[in-house]
Amino acid sequence: MKYIVRGGRDLFKLLPDAFKGIKQIGVSLFLLNTLLFWQGPAQAQNMRDSLTEAKSNIVVKADNYEEVFSHMKPNSILGLSHGFLFSHLQSTGLAFPKNISVIAVCPKGMGPSVRRLYVQGKEINGAGINASFAVHQDIDGRATDVALGWSVALGSPFSFSTTLEQEYRSDIFGERGILLGAVHGIVESLFRRYTENGLSEELAYKNTVECITGNISRTKSTKGMFALYNLFNAKGKEEFATAYSASYYPCMEILYECYEDVATGSEIRSVVLAGRRFSMKEGLPAFPMGKIDQTRMWKVGERVHATRPSGDLCPLYPFTAGVYVALMMAQIEVLREKGHSYSEIINESVIESVDSLNPFMHARGVSLIVDNCSTTARLGSRKWAPRFDYNLTQQAVVAVDNYLPINMDLITNFVCDPVHEAIEVCARLRPAVDISVPPDAGFVRPELRQTGN
């Protein structure tokens, strides 16, 4: 049984009852900012505004995690917006204190999307980012009410039940897959191929990045993957099938490896170790993360963005669509084989991509998102994007150039996959409005503005 709870601003009046007995809510900036696409400020602002609207006198504070933990008393509630801490404790043989409740509310989008759709929701009830929620420890029977109240206060139109373990596995994995790492890798590979085959740099960029973040994402968001496929004529469907057939297993290979690294704790340990390399230690130099935005492809992207008409979703290119859909279907299959529910699969593989990240990428560029998202996601993209890039270049492109026959079983499985029906249902649970990314919508994290890292 999968529980889905409807949210909405009409439920704000119930927040005082959901948070009964709670006088202060602390937001840990470390846990939220470094792990969640800069979600700390967004969640604190949404929570504060919702409680104000509900005429509640609960105080929302933002503190560092050490201070929050040191002040936690018996019967307190530890709220997480990511399973990273749970995974880290698991991998080190530790556990949460037994005298506190532990819950999670995990918005299925990055911080700027969480805040932007909440603000839009002041005009339209139901606008917001969906969230998953989990109750890991409940010592006094309040945990479920508090978790759902939290999700409603963030503006989530729908909240999906999960577990901390399933959440962190699907979320960390998704960041490295369709949400960021894999899409970064495939556009690098396709841009290189298209320019080598004679396309201008501007057209190659439009047929890769702009095609995915614009027309493909909008069509998937509102109509689904199968509808996207049916937009092509016979020749377009053949190009789509050629790309899909050649790309599915090369993507699947990397995705399986990535999921297993996340599930065994290897990926979490990699992130922790990388974090230790950011600062000088024992006389060794520091190795902070660099940026990707100065390479040729992303400089071309700056030119394309500067001249793109407002509202232009760019061309719908069947070969690019075939590669991208193959990646998405491969990720769906991995999560399905690993026992995740359809609501979690669709949220992590489709909705969070086409309704949250990709609209920001279309407005600001993939490189800006890669360079300014959470520490965990930035590390994941840098580690896994080259793997997808190389696998597609070394296997998928070679298969196409050698005119290997289309694997019709793969195409038939795609056309008949029950996930299309699940996507249609979940599409009805998408935000009530398309996310708006105005010119003055901030994204770059303050600490990155200050340090230039």
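## Tyr-118

Tyr-118 is buried, with a relative accessible area of 1%; buried means under 20% relative accessible area, exposed over 50% and partly exposed in between, with a 1.4 Å probe and protein chains only. The residue belongs to helix α6, residues 111–120. Helices (H or I, at least four residues) and strands (E, at least two) are DSSP runs numbered from the N terminus.

Which residues is Tyr-118 in contact with, leaving aside its neighbours within four places in sequence? They are Arg-9, Phe-12, Asn-46, Asp-49, Ser-50, Ala-153, Leu-154 and Gly-155, where contact means heavy atoms within 4.5 Å. The C-alpha atoms of Tyr-118 and Gly-128 are separated by 5.1 Å, and these two residues are ten apart along the chain.

## The model and the chain

This is a predicted model, in which local features need pLDDT of at least 70 and side-chain atom pairs count only at pLDDT 80 or more, while totals for chains, interfaces and linings use all residues. Residues are numbered from 1 along each chain as its sequence is written, and side-chain values use heavy atoms, with hydrogens and water left out.

The chain has 21 helices and seven strands. Of its 453 residues, 57% are buried. Among contacts with a separation of 6 or more, 85% are between residues 24 or more positions apart.

## Nonpolar cores

The largest nonpolar core has 99 residues, and Phe-96, Tyr-244, Met-329 and Ile-346 touch the most other members. Such a core is a set of buried Ala, Val, Leu, Ile, Met, Phe, Trp, Tyr and Cys residues joined through side-chain atoms within 4.5 Å. Another core, of 16 residues, lies apart from it and includes Val-105, Ala-143, Val-152 and Ala-153.

## Helix pairs

Helix α5 (residues 84–91) packs on helix α8 (residues 164–176) at an angle of about 105°, with the axes 9 Å apart. That makes α5 roughly perpendicular to α8, because angles of 65 to 115 degrees count as roughly perpendicular, those under 35 as roughly parallel, those over 145 as roughly antiparallel and the rest as oblique. Axes are lines fitted to C-alpha atoms, for helices over the stretch in contact, and angles run from 0 to 180 degrees between N-to-C directions. Phe-84, Phe-86, Ser-87 and Gln-90 in α5 meet Leu-164, Glu-165, Tyr-168 and Ile-172 in α8.

Helix α12 (residues 234–263) and helix α19 (residues 408–416) cross at roughly 100°, and their axes come within 9 Å. These helices are therefore roughly perpendicular to each other. In α12, Phe-240, Ala-241, Tyr-244, Ser-245, Tyr-248 and Tyr-249 meet Leu-410, Ile-411 and Phe-414 in α19.

Glu-210, in helix α10 (residues 201–223), is buried, with a relative accessible area of 0%. Its contacts, leaving aside neighbours within four places in sequence, include His-305, Arg-308 and His-362.

Ile-292 is in the loop between α13 (266–276) and α14 (296–307). At 13% relative accessibility, Ile-292 counts as buried. The C-alpha atoms of Ile-292 and Asp-371 are 6.8 Å apart, although 79 residues separate the two along the chain.
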